[in-house]
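Keep the sequence and the 3D view side by side as you read.

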Amino acid sequence: MGEAMAVRSGLKTAIEAGFRQLIVEVDNLALFFALSKKKMDLTAYGLLLKDIFLFLFSMSLGVFCFNFVRRSGNLAAHILAKKSLSVDGFRVWLEEIPVEIQQFVLDGFINE
């Protein structure tokens, strides 16, 4: 549930920042399949997924897709998620890279 909430929040922030082509990477296989198959039901989790889809389609995004990435393949996101537990408020980095993840981001570009 927490990761789905993070996806919704991240999508909202990206769209408000003006992004129109998005790739959403998750390391939760169940969430990936639910997003890929547009699986919704009347549970709290299903309604959260429905909220994600309604938000995406209402914003007229040019391109978006969901990808599954093992946690080991995206250490930068994992480190930021852990760091968020000790940070008050809401933070967004659009042009700078937090010091804690700079090397992981650079490694990701080199390995692509």
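Leaving aside its neighbours within four places in sequence, which residues is threonine 13 in contact with? Once those neighbours are set aside, threonine 13 is in contact with Phe90 and Val92. Keep in mind that what you are looking at is a predicted model. Threonine 13 is found in helix H1, which covers residues 2-16. Is threonine 13 buried or exposed? Its relative accessible area is 19%, and because the cut-off for buried is under 20%, threonine 13 counts as buried.

Now step back and view the whole chain. There are five helices and two strands, and from the N terminus on they run in the order α-β-α-α-β-α-α. The C-alpha atoms fill a box of roughly 40 × 35 × 30 Å, taken along the principal axes. For 112 residues, a compact globule would have a radius of gyration near 13 Å, and the 15 Å of this chain agrees with that. Buried residues make up 23% of the chain. If you take the contacts between residues at least 6 apart in sequence, 64% of them join residues at least 24 apart.

Next, look inside. In soluble globular proteins, nonpolar side chains tend to be buried together. Here, the largest nonpolar core has 19 residues, and those that touch the most other members are Val7, Leu11, Leu31, Leu35, Leu49, Ile52 and Phe66. At least two residues of this core come from each of H1, strand E1 (21-26), helix H2 (29-36) and helix H3 (44-58). The largest share, six residues, is supplied by H3.

Let's turn to helix H2. At its start, a side-chain oxygen of asparagine 28 reaches to within 3.0 Å of the backbone nitrogen of alanine 30. After the helix comes lysine 38, whose phi is positive, near 50 degrees. Which residues in H2 are buried? They are Leu31, Phe32, Ala34 and Leu35. These residues lie on the same side of H2, because they cover an arc of only 165 degrees around the axis.

In one of them, phenylalanine 32 and phenylalanine 33 are tilted, with 5.5 Å centre to centre and 55 degrees between the planes. Phenylalanine 32 is buried, with a relative accessible area of 17%, whereas phenylalanine 33 is partly exposed at 40%. Phenylalanine 32 also forms a tilted pair with phenylalanine 68, at 6.2 Å centre to centre and 50 degrees between the planes. This second pair links distant parts of the chain: phenylalanine 32 belongs to helix H2 and phenylalanine 68 to strand E2 (residues 63-68), 36 residues apart. Phenylalanine 68 counts as partly exposed, at 29% relative accessibility. Together, Phe32, Phe33 and Phe68 form one aromatic cluster.

Note on methods
Residues numbered from 1 in each chain as written. Predicted model: local features only at pLDDT ≥ 70, side-chain atom pairs only at ≥ 80, totals over all residues. Heavy atoms only, no water. Helix = DSSP H or I, 4+ residues; strand = E, 2+ residues; numbered from the N terminus. Buried < 20%, exposed > 50% of the residue type's maximum accessible area, 1.4 Å probe, protein only. Contact = heavy atoms within 4.5 Å. Core = buried A, V, L, I, M, F, W, Y, C linked by side-chain atoms within 4.5 Å. Phe/Tyr/Trp six-rings, centres within 6.5 Å; stacked < 30°, edge-to-face > 60°. Arc of directions from axis to C-beta. Polar contact = N/O pair within 3.5 Å; in protein donor to acceptor, adjacent residues only side chain to side chain. Rg over C-alpha atoms; globule rule 2.2 N^0.38 Å.
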